[in-house]
Amino acid sequence: MNDKQHTIKAPVTVSGIGLHTGVVSNMTFMPAPINHGYKFQRIDLPDQPIVDADVDNVVDLSRGTTIEQNGARVNTVEHVLAALVGLEIDNVLIQIDGPEPPIMDGSSILFVQPLLDVGLEEQNALRNFFEVPEEIRFKDGSRETEIAILPLDDYRVTVMVDYHSPVLGSQHASLTDLNQFKDEIASCRTFCFLHELEMLYKQNLIKGGDLSNAIVVVDRVVEENELDYLSDLLKKPKVRVKKEGILNNVDLRYKNEPARHKLLDLIGDLALVGRPLKGQILAARPGHASNVAFAKKIKKYINETMVKNAPMYDPKRTPVMDINKIMQTLPHRYPFVLIDKIIHLDDTTVTGIKNVTVNEPFFQGHFPGNPVFPGVFQIEAMAQTGGILVLNTVPDPENYWTYFLGIDKCRFRRKIIPGDTIIFKCELLAPIKRGIAKMQGQAYVAGQLVMEAEMSASIVRKDA
């Protein structure tokens, strides 16, 4: 899996009819900045409102997943989101001039191909994975549905479906590596059973449904007069039934295509958690209602267990800047280089790591027999972290100095001792003006806030 966040290199547009609304729309994937996530924008509505792809915004699950926010609704988002997750794209603004993404061929492949055509762009920030620490399970006895996610340093999905149908039988599908998505999952189409067709039409759904964008499974004997009725319903000159029970002799792309499509739906629905997942997902008889309920359970778990505002740090992951890159940017040298890694850096925020060891020279006198990391060095380490952020705003940081101008609202909340790993986070309080930067900084150890302050600094060209 990618360690760093990705967006796309250029906008790309797809067009077509919506499965349930029957409305033709144009949908454009737009590059987006770090930590933007997935957002839809209804550009056909006044003020062009934004709808976050978030499980808390789900408002309807009638044969698809519909989200709504700011008075705007977007129907059937799961195939689009599955394409983004499957390609490990993190940040995209999806502009759409209608209420529903195009159904295309009923799968994700016609989203995947244009996204790959424009290309992916790596961004200078690590992905904010939710690494499942323990089993999280969902069960719905009324639907015989069960979904679980187990700890795993990867992303894997296994799905089992059983509709008690002589045509489909019991089917399984697995994704053991996200790199398999585009070739083995993305092209698998949505499906329904013949007995559901008339009901769906009467519910004012599948207005854009067509035998070119969905598989219709015939799981019983159909009389000729009923086929004529279906021809009128589907606005087709004549529909037929193959021996295998697929309406109009549509060939399956895989023997277990329905199970693979259910896996695709599950990936798309779980994107609504809002963070890329690391875990082994096992699902029996999943559907949109259970997928979304499970996504809500995962998000609730995250909110209840994570430390508010504390940055996540995984020492196994490659940093944005190692100590060599830091020393190419900052002028400090031993014994005054107080930052070991930069793990996040964007236009407004930086996160740095300091590993505290008893070999620090100041522990000889502060305090012998009771080593405590000095407060002034905590401030200096935070200032160096902020200096990386400020120098990141110029194209040639090696030609600039950063000078500490002031500190305010400084609080030390817990002592820091050898063996602690400090995570420093600095964020600009306002855009840099006339070379002056104002930042809010926090320091965390083991998820606890240990120090905070507001700082100001100036950036000055060396030859000025």
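Buried means a relative accessible area under 20%, exposed means over 50%, and partly exposed lies in between (1.4 Å probe, protein chains only). This is a predicted model, in which local features need pLDDT of at least 70 and side-chain atom pairs count only at pLDDT 80 or more, while totals for chains, interfaces and linings use all residues. Residues are numbered from 1 along each chain as its sequence is written, and side-chain values use heavy atoms, with hydrogens and water left out.

**View 1. A salt bridge joins the side chains of E88 and R127.** In a salt bridge, a side-chain nitrogen of Lys or Arg lies within 4 Å of a carboxyl oxygen of Asp or Glu, and here the N to O distance is 3.0 Å. Because E88 sits in the loop between α1 (78-86) and β9 (92-96), and R127 in the loop between β10 (120-126) and β11 (130-131), the pair ties together parts that are 39 residues apart in sequence. E88 is buried, with a relative accessible area of 7%, and R127 is also buried, at 6%.

**View 2. E146 and R137 form a salt bridge.** Their closest N and O atoms are 2.6 Å apart. E146 is partly exposed, with a relative accessible area of 27%, and R137 is partly exposed as well, at 37%.

**View 3. R143 meets D140 in a salt bridge.** The N to O distance between these side chains is 3.0 Å, and D140 counts as buried at 15% relative accessibility.

**View 4. D54, D56 and K299 belong to one network, joined by salt bridges that share partners.** Across the whole structure, a search finds 23 salt bridges.

How values were computed
Helix = DSSP H or I, 4+ residues; strand = E, 2+ residues; numbered from the N terminus.
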